[in-house]
Amino acid sequence: MKISLELIAEKKLKPLFKDPLMLPFGRYFTDYMFTMEYSQGQGWQNPCIKPHQPLVLQPSANVFHYSQEVFEGQKAYQSKKGEILMFRPLENARRLNRSLQRLCMPEIDENNFLQAECELLKLEKRWIPTQKGASLYIRPAVIGTEAALGVKASSEYLFFIILSPVGPYFKEGFNSVSLWVSDTYSRAGSGGTGEAKTGGNYAGSLLATREAIQKGYSQVLWLDACEHRFIEEVGAMNIFFILNGKLVTPALDGTILHGITRKSVLELAAGLGIQAEERKIAIEEVIEGIQSGKLTEVFGAGTAAVISPVGKIGYQGKDYLVNEQRTGTWAQTFFKTLIGLQYGEIPDRHGWVYKVQ
Ligand SMILES: *Cc1c(COP(=O)(O)O)cnc(C)c1O
């Protein structure tokens, strides 16, 4: 793929943020973006790297009314040797295509996806923080752009990639988060779009999250939509339990997002000395485990926070504390291992670390 390039004069480039470790999530953007357009009959065309700028769309564009939108979330890291590293980016390319398929949108060639990211990252290398914990967040997204109000799949799409330097989720060690279990709202139902990384899933979850925050929790722990009994995930993170000395996580049943951090934690488990189990977990089993001491840790796993220890679970008006709200040793172990791999400090036996060249 030949990507055209619209360069910015050196003196017009944005100044870098002074302390990347203090960067808030997703508020600052780099100088450039990647775009590529699709139209029926012609396929994907006009790959282009150009200045980061507003999009111009008709108010009747599909995405505003019928939400044909999918996205990805990745990070680029800079190693001590100055290499640009990504973590399992082909997994993101594949997942983007599965999301696109589910939303009736045209797929993007995996190699072209990766090439677009690599060329953009090489051009924007000065934005990739060198401090451990800080990174350059990558947000690829595809939207339906056809200007037509009839309900149907758009015949035109825009694929874009924007970059945002971000600080570490945890400034000093870990802070545990608190989760509110909603037994009325659901995030995704059987046969729905829970498995796709699409904005609509998030729009539908905002009200429950607002209620959780009003009650003093940080996020929602979702249960299945049918019985409101079985644990699903935390919205932007998959969830893990250390139960009876085993690593347990809900099995992927079609409503849970296929997290790449989740997959990596499961694949690391055996090598780190813990048996992993993917299965149904009822909320009663979690509560009972906390009360009996069989459940020793809970943590979330996702690209943004990597590993996020859970210290408190609120369910039906009662609070249950996990591990006295301290970070558990397994959360710490998985966090250190993943971060070490991502920054190129731990030998990569799995072939997960991708060097941008
Ligand atoms: C992105 C996302 C995750 C985490 O996936 P990673 O690939 O690990 O970043 C989990 N749940 C939902 C709903 C998500 O959108």
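In the lining of the largest cavity, six residues are nonpolar, seven are polar and one is charged, where Ala, Val, Leu, Ile, Met, Phe, Trp, Tyr, Cys and Pro count as nonpolar, Asp, Glu, Lys and Arg as charged, and the others, Gly among them, as polar. The model is predicted, so local features need pLDDT of at least 70 and side-chain atom pairs count only at pLDDT 80 or more, whereas totals for chains, interfaces and linings use all residues. Residues are numbered from 1 along each chain as its sequence is written, and side-chain values use heavy atoms, with hydrogens and water left out.

A search of the whole structure finds two cavities of 30 Å³ or more (on a 1 Å grid over the protein atoms alone, sets of points where a 1.4 Å probe fits but cannot get out, with lining residues having an atom within 4 Å of a point). The largest cavity holds about 150 Å³ of space, and among its 14 lining residues, Tyr-77, Phe-87, Thr-261, Thr-303 and Gln-342 are the closest to its centre. Strand S5 (74-78), strand S6 (84-87), helix H6 (260-272) and helix H8 (329-342) each contribute at least two residues to this lining, and the largest share, three residues, belongs to S5 (helices of at least four residues and strands of at least two are DSSP runs).

The largest pocket (an open set with protein on both sides within 12 Å along at least five of seven lines) contains about 900 Å³ of space. Its lining is made up of 42 residues, and Tyr-202, Gly-235, Ala-236, Met-237 and Ala-304 lie nearest its centre. By class, this lining has 19 nonpolar, 17 polar and six charged residues, and helix H4 (residues 199-203) gives the most to it, with three residues.

The ligand sits in the largest pocket (more than half of its atoms lie within 2 Å of the grid points). Around the ligand are 15 residues, of which Lys-197, Tyr-202, Glu-233, Gly-235 and Thr-303 are the closest (a heavy atom within 4 Å is required). This shell divides into five nonpolar, six polar and four charged residues.

The side chain of Tyr-202 places an N or O atom 2.5 Å from an oxygen atom of the ligand, while a polar side-chain atom of Glu-233 lies 2.5 Å from a ligand nitrogen atom. From Ile-260, a backbone N or O atom lies 2.8 Å from an oxygen atom of the ligand. The ligand has 380 Å² of accessible area on its own, of which the protein covers 96% (by the Shrake-Rupley method with a 1.4 Å probe).

How values were computed. A polar contact is a pair of N or O atoms within 3.5 Å; within protein, one must be able to donate a hydrogen and the other to accept it, and residues adjacent in sequence count only if both atoms are side-chain atoms. Grid points are joined across faces, edges and corners, and a volume is the space filled by probe spheres set on the points.
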